[in-house]
Amino acid sequence: GAPHIGAPKSVRAVIDGDKMGLDAFLDDDEGLMFGRSLGSSPWLFPLENTLATPISPSVPPSVLRLESSIVLTIPTQTIPMKGFVYRREVMPSKVRLAIHLAKDFVVRTEFYPLSRGKSPTLMLKEEVWCVALPPTIEESLKLYPNICVHLEELGTGKPRKKRRGIYHCDIFWPCRFAFCMMKWILCLPCAIVLKILRLLARGADRGIEVTAGAVGSSRAIGKSRKVNWGKGLIASNKTASSDGGESGGVGSELRFQILPTDREGQGFFFEIPSSQQCVLKVKWRPPPSMKERKPFDKVTHKRTTIHKYYPATPGELLVAEGLNNAVNLLRDSYAADPVDPRGLSSWYPPPIKKVVAIYGINLPTEVSGIYQRKQSVKLSYSTGKDLCVRQLIVLDKDAKLNGLDGYTIESGIIRETK
């Protein structure tokens, strides 16, 4: 039918981006910026008050999955790296921190250079992520019961280490000295051949390292044990409840002991290197209140039943996306228009003599979009990257329809077929 209450596609263009057939010329970020730069889009937004039409739509123009979120913050801190790079042939030029919430869900910091010297250190700068979670703490802990952190460098496999020779002074030095003398005196040709083969192998390894670094492969040089962060989340939840339940609390602080992946002994008596501490701040944010609204039970998740979906207005989606300037523009300019374009539908045409409406027939018509929080979004960058296309809300491609005849869903977009 006719879009009497507005065009849902205009909301999708602002929230998720729309290339409008220009896929060959625009990438995803450019399509999002293009959709948000159109000043006429708010005129087409679906009405928040559907009483302006004599017919109520079967499907809300926008549907939002109810989710909470957690803010992960890596504060500025310094980590001593001597135990992680001991006896390395080539010192890593840069290292990053990886936060593992699940086997296939990892958030990573930027790469940071190591200081040079006998005791290298890693200086981490503050970085912040927002991670989408199920609505309750209990459901969140079932999905992500543990968390651990890794220190990563560019490369693949195990890093090459310097061989212990007669110039390494430790408790086994006399044994190595005797073996070296026997090898070079009793089997000089074999020792020369072995030396040449080791040089060739070292060159091949260097080439593999350079290639792996160029393609972005990384390996862990330090890992922490898995930490059950339930206590921290529950404490943050109690703080959120005590301050009104909307802003979240001051959060909690988790401390990890990172151990080198290579636990080789160091020094004269082969002492095992000690762990190094890393701090991670956690702040849980409850989902928006939907107490006065009924869930839209015609939409469910494909794989789980813990998610519920609720009708959402364009203004609520804009707030969730962080587009506060657009919300102010809607309120101060569009809603304040005396003609009341945001309060009347096309059932009440403007005072002009002739109106021509052109509709397509026998074509699926977009009538709604189903949205969710993006799984993880970096909120701050230490390198000053441009955040103008940062996206918090995306189409929910895991949603499905139940018992809605005459409608289809594809990649979170609901279309009317008859």
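Predicted model: local features only at pLDDT ≥ 70, side-chain atom pairs only at ≥ 80, totals over all residues.

Student: OK, and how many residues of H1 are buried?
Tutor: 7 of the 8, with H1 covering residues 8-15, so this helix is largely enclosed by the rest of the structure. The buried ones are Pro8, Ser10, Val11, Arg12, Ala13, Val14 and Ile15.

Student: What comes just after H1?
Tutor: Gly17 sits there, and its phi is positive, about 90°.

Student: Back to Arg12, then. What does its side chain meet?
Tutor: Glu366, in a salt bridge with 2.9 Å from N to O. That pair links distant parts of the chain, since Arg12 belongs to helix H1 and Glu366 to strand S16, 354 residues apart.

Student: Is Glu366 buried or exposed?
Tutor: Buried, with a relative accessible area of 16%. Arg12 is buried too, at 9%.

Student: How many salt bridges does the structure hold?
Tutor: 13. One of them joins Lys378 to Glu127, with the closest N and O atoms 2.8 Å apart. Here Lys378 is in strand S17 (residues 376-380) and Glu127 in strand S8 (residues 127-133), so the pair links distant parts of the chain, 251 residues apart.

Student: Are those two buried or exposed?
Tutor: Lys378 counts as buried at 12% relative accessibility, and Glu127 counts as buried at 0%.

Student: What does Arg108 form a salt bridge with?
Tutor: With Glu152, and the closest N and O atoms are 2.9 Å apart. Arg108 lies in strand S5 (residues 105-108) and Glu152 in strand S9 (residues 146-154), 44 residues apart. Arg108 counts as partly exposed at 32% relative accessibility, whereas Glu152 counts as buried at 5%.

Student: Which residues are linked in a network of salt bridges?
Tutor: Arg65, Glu67 and Asp396.

Student: Switching to strands: how does S2 run relative to S13?
Tutor: Antiparallel, with 5 bridges joining S2 (residues 68-74) to S13 (residues 276-285). Ile70 stands opposite Trp284 in S13.

Student: And how many bridges are there between S12 and S13?
Tutor: 7, and S12 (residues 252-260) pairs with S13 in the antiparallel sense. In S13, Leu280 has Leu254 standing opposite.

Technical notes: Residues numbered from 1 in each chain as written. Heavy atoms only, no water. Pairing = 2+ DSSP bridges. Helix = DSSP H or I, 4+ residues; strand = E, 2+ residues; numbered from the N terminus. Buried < 20%, exposed > 50% of the residue type's maximum accessible area, 1.4 Å probe, protein only. Salt bridge = Lys/Arg side-chain N within 4 Å of Asp/Glu carboxyl O.
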